[in-house]
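Q: I'd like to learn how to read a protein structure, strand by strand. Can we go through one together?

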Amino acid sequence: YLQLPADLTKMHLTDNPHPQVTHVPSSQSGCSIASDSGSSSLSDIYQATESEMGDVDLTGLPEAPVDSEDEEEEEDEDIDRTSDPLLGRDVVRECLEKEPADKTDDDIEQLLEFMHQLPAFANMTMSVRRELCSVMIFEVVEQAGAIILEDGQELDSWYVILNGTVEISYPDGKSESLCMGNSFGITPSLEKQYMNGVVRTKVDDCQFVCIAQQDYWRILNHVEKNTHKVEEEGEIVMVKEHRELDRSGTRKGHIVIKATPERLITHLIEEHSIVDPTYIEDFLLTYRTFLPSPLEVGNKLLEWFTMDSLRDKVTRVVLLWVNNHFNDFEGDPAMTRFLEEFEKNLEDTKMKGHLRLLNIACAAKAKWRQITLQKPSRDSPLFFSLLGGSDKGFGIFVETVEIGSKAAEAGLKRGDQV
């Protein structure tokens with residue numbers, strides 16, 4: 001059926017009968033995020049309201065040729081290439097074997113895609129990783145048992161293991177094994193440093209990338225220039241990284257890379273950078289990993305809704321949430337109550353356009369359910385009331401459900417269509 005909402009920034013919401021919609025070509029759209037109930041945009045919901053969920057007028061839409069067999073074969077080849085991990089490693093190795101001065105932007109992007117998976121690069125910002133990829137040098141040690149660094153040897157590089165295993169034997173007799181993704185060598189300082197212990201390979205064909213001390217210090221020492229720290233009451237609550245998405249410098253700004261849970265929630269209603277346009281979608285997709293309950297977000301949204309200046313932003317967050325992750329509400333009675341309260345707030349503030357979008361999103365995303373409600377006798381109450389029917393000209397809907405009743409326990413909810 002109808003695809004629903006994709007990017008609320010492309011739509012001007014209003015309570016007028018015919019809101020203005022700005023259609024943006026698909027080539028300009030941002031990243032799409034898959035979710036448990038299918039992602040979409042509010043502009044699609046709006047299109048659904050215009051057609052009243054009936055036939056869709058497709059006139060005026062751009063036409064595209066049907067894929068030919070040749071194109072399908074090319075797509076199959078692309079899938080084969082990307083699904084072959086060995087081929088991916090070969091491409092990375094080709095990029096690594098080039099001298100730093102010969103690496104192109106595409107080479108650096110290939111290296112960046114590979115390196116960000118390694119633990120050694122895990123806590124670094126994107127700009128730091130990119131700089132390191134541009135200066136790293138590839139080294140291979142063919143034989144097991146070869147000594148890479150002697151005890152007391154002056155260090156001049158930072159090493160990251162790409163393949164194989166090395167062992168560090170310390171003077172006190174202890175030893176440590178390092179494998180793919182681990183690092184050893186210098187710290188980001190220009191002071192003279194010396195190796196404590198002996199580093200030797202444990203297997204054949206050990207591969208490393210090395211970054212010279214001068215480059216390593218320079219890149220990590222200047223990381224502060226690319227980050228912005230937000231402090232509250234003397235504590236850092238958010239760190240943003242400055243990024244440029246193109247060489248022209250027109251698309252640049254700060255993107256959130258880490259923050260406290262409370263600060264991440266607050267950022268939902270703040271202005272988002274041009275380089276971080278999908279922050280709300282990203283948050284709604286990942287909040288389960290750092291928040292014990294979605295109500296922490298819901299309660300803050302209800303609180304902010306009372307402020308006129310934040311009302312539109314809060315509504316946008318809720319509409320995206322309902323549209324992309326309706327299971328969060330449908331499977332949680334507390335969140336269902338939150339949605340009912342938010343719906344009532346929209347009615348009270350006469351935000352009819354937004355209320356219409358919310359109702360259509362809920363109707364489109366809701367799943368069919370079968371509920372069995374047993375009564376002790378024919379005359380016993382139902383504990384719910386219905387609205388509508390043929391005499392009213394529309395379907396039969398549940399108007400109210402008594403809280404704590406058998407009907408509520410069975411899963412009947414206000415707004416259900418029978």
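Predicted model: local features only at pLDDT ≥ 70, side-chain atom pairs only at ≥ 80, totals over all residues.

Q: How many bridges join β3 to β6, and which way do the two run?

A: Here's the general idea: strands of a sheet pair through backbone hydrogen bonds, either parallel or antiparallel. In this structure, β3 and β6 run antiparallel and are joined by 3 bridges.

Q: What is the order of the strands in the open sheet of 4 strands?

A: Read across that open sheet and you get β1-β8-β3-β6, with antiparallel pairing. β1 (137–141) and β6 (183–185) stand at the edges; each has a single partner strand, so one side of each is left without a neighbour in the sheet. Neighbouring strands here are turned by 30 degrees against each other on average, direction ignored.

Q: Over how many bridges do β1 and β8 pair?

A: β1 and strand β8 (residues 206–212) pair over 5 bridges, in the antiparallel sense. If you want a spot to look at, find Phe138, which stands opposite Val209 in β8.

Q: Which helix packs on this sheet?

A: That's α6 (residues 213–221), which touches β3 (157–163) and β8. The direction of α6 makes about 65 degrees with that of β8.

Q: What joins β3 to β8?

A: 6 bridges do, and the two strands run antiparallel.

Q: Is β3 largely enclosed or left open by the rest of the structure?

A: Start with the cut-off: a residue is buried when its relative accessible area is under 20%. In β3, 6 of the 7 residues are buried, so this strand is largely enclosed by the rest of the structure.

Q: What does the open sheet of 3 strands look like?

A: Its order is β9-β10-β11, again with antiparallel pairing. β9 (227–232) and β11 (252–259) are the edge strands, each pairing on one side only. From one strand to the next, the twist averages 30 degrees. Strand β10 (residues 235–244) pairs with β11 over 7 bridges in the antiparallel sense, and in β11 the bridge partner of Arg243 is Gly253.

Q: Now for a loop: where does Phe383 lie?

A: Phe383 lies in the loop between α13 and β12. With a relative accessibility of 33%, Phe383 counts as partly exposed.

Q: How far apart are Phe383 and Ser405 in sequence and in space?

A: They are 22 residues apart in sequence and 6.3 Å apart in space, going from C-alpha to C-alpha. Leaving aside neighbours within four places in sequence, Phe383 has contacts that include Thr400, Val401 and Ser405.

Q: Which residues make the nonpolar surface patch?

A: Ile371, Leu373 and Leu382 make that patch, which is about 200 Å². Ile371 is found in the loop between α13 (352–365) and β12 (384–389), and at 30% relative accessibility Ile371 counts as partly exposed.

Q: How many helices and strands are there in the protein chain?

A: Zoom out and you'll find 14 helices and 13 strands. The protein chain exposes about 25,300 Å², and carbon and sulfur atoms supply 50% of that area.

Key
Residues numbered from 1 in each chain as written. Heavy atoms only, no water. Areas by Shrake-Rupley, 256 points an atom, 1.4 Å probe, with all protein chains shown as cover. Patch = residues over 30% accessible without salt bridge, like charges linked within 9 Å, V, L, I, M, F, W, Y side chains within 5 Å. Salt bridge = Lys/Arg side-chain N within 4 Å of Asp/Glu carboxyl O. Buried < 20%, exposed > 50% of the residue type's maximum accessible area, 1.4 Å probe, protein only. Pairing = 2+ DSSP bridges. Axes fitted to C-alpha atoms, helices over the stretch in contact; angles between N-to-C directions. Contact = heavy atoms within 4.5 Å.
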